[in-house]
Amino acid sequence: MDFLSQLINHIINNDPSFGYHHLCDKLGISHLCFADDLLLFAGNEHSAKLVRSTLNEFYDFSGLKANNNKSCVFYASIKPTIANNICRTLQFPRGILRMKSLGVPLITTKLRKSDCNELLRKISARITSWNSRFLSYASRIQLIHSILFGIKNYWSFMFILPKSVLKEMEQMMNRFLWNGDVTKAHRIKIAWDKVFTPKKEGELGLKRLTELNTVLNMKHIWNILSPNTQSLWVKWVHMYLLKI
């Protein structure tokens with residue numbers, strides 16, 4: 001991916017007619033790489049041709065080819081004829097949001113409960129996969145703290161999760177703790193609110209999900225306000241949202 005990134009930069013730097021996306025031009029963002037995922041940004045048909053030629057050249061060098069069945073084009077506020085030309089040039093079909101990237105949804109709106117069905121499914125599936133009959137309460141607490149909180153925190157680093165989703169996750173964790181099952185609500189021995197009481201006060205010391213979600217999202221505010229940050233996302237927020 002590093003070689004592909006250098007190839008894209010080389011072609012763009014040697015072609016002044018390349019058109020950046022209108023929300024990327026000030027920072028010169030043409031692409032982003034995440035593990036084995038690649039996002040390309042362009043602003044016109046000519047740019048799409050350059051992108052396609054770059055992918056073809058990368059294939060000639062490395063033998064790695066973009067999978068047309070797993071790649072797609074997103075566009076907005078352009079004429080249908082231009083959109084069709086871009087799709088033909090890139091040889092990719094049109095994509096429709098919502099879609100997932102790195103396990104989380106790519107959306108343009110505030111996160112809704114329906115967007116979190118995958119998160120709830122993952123937590124429920126993970127609990128179901130454990131043979132809880134042979135787990136002590138201490139083992140279940142450890143699994144909640146290390147595994148279930150980890151799945152939830154991955155989303156919280158990127159989204160403000162709806163309170164209804166957090167409440168449903170706490171309910172599943174509560175049932176797993178006392179019954180080893182997400183479907184059984186009986187035999188709960190201690191009120192869930194007390195489970196979050198600090199250990200020094202005699203309880204289990206777990207963190208409340210609503211409070212933890214707020215803390216994790218406050219990290220984004222801290223990054224935005226921190227001077228000399230190297231985060232591309234923070235630079236983009238400063239340039240296009242805060243305009244500073």
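Is lysine 113 buried, exposed or partly exposed? Lysine 113 is partly exposed, with a relative accessible area of 38%. Here buried means under 20% relative accessible area, exposed over 50%, and partly exposed in between (1.4 Å probe, protein chains only).

The views show a predicted model, in which local features need pLDDT of at least 70, side-chain atom pairs count only at pLDDT 80 or more, and totals for chains, interfaces and linings use all residues. Residues are numbered from 1 along each chain as its sequence is written, and side-chain values use heavy atoms, with hydrogens and water left out.

**View 1. Glutamate 168 and lysine 113 form a salt bridge.** A salt bridge is a side-chain nitrogen of Lys or Arg within 4 Å of a carboxyl oxygen of Asp or Glu. In this pair the closest N and O atoms are 3.3 Å apart. Glutamate 168 sits in helix α6, and lysine 113 in the loop between β4 (104-106) and α4 (117-129), so the bridge ties together parts 55 residues apart in sequence. Helices (H or I, at least four residues) and strands (E, at least two) are DSSP runs, numbered from the N terminus. Glutamate 168 is partly exposed, at 28% relative accessibility.

**View 2. Arginine 112 pairs with aspartate 115 in a salt bridge.** Their closest N and O atoms are 3.5 Å apart. Arginine 112 is partly exposed at 48%. Aspartate 115 is buried, at 3%.

View 3. Arginine 121 is partly exposed, with a relative accessible area of 45%. The model's salt bridge count is four.

View 4. A disulfide is counted when a pair of cysteine sulfur atoms lies within 2.5 Å. By this rule the count is zero. Cysteine 24 is buried at 7%; cysteine 72 is partly exposed at 31%.

**View 5. Phe34, Leu39, Leu102, Tyr154, Phe157 and Met158 form a nonpolar surface patch.** Together they have about 500 Å² of accessible area, by the Shrake-Rupley method with a 1.4 Å probe; for residues, only the protein chains shown count as cover. Patches take residues with over 30% relative accessible area and no salt bridge; like charges are joined within 9 Å, nonpolar side chains (Val, Leu, Ile, Met, Phe, Trp, Tyr) within 5 Å. Phenylalanine 157 lies in the loop between α5 (137-156) and α6 (163-179). Its relative accessibility is 36%, so phenylalanine 157 counts as partly exposed.
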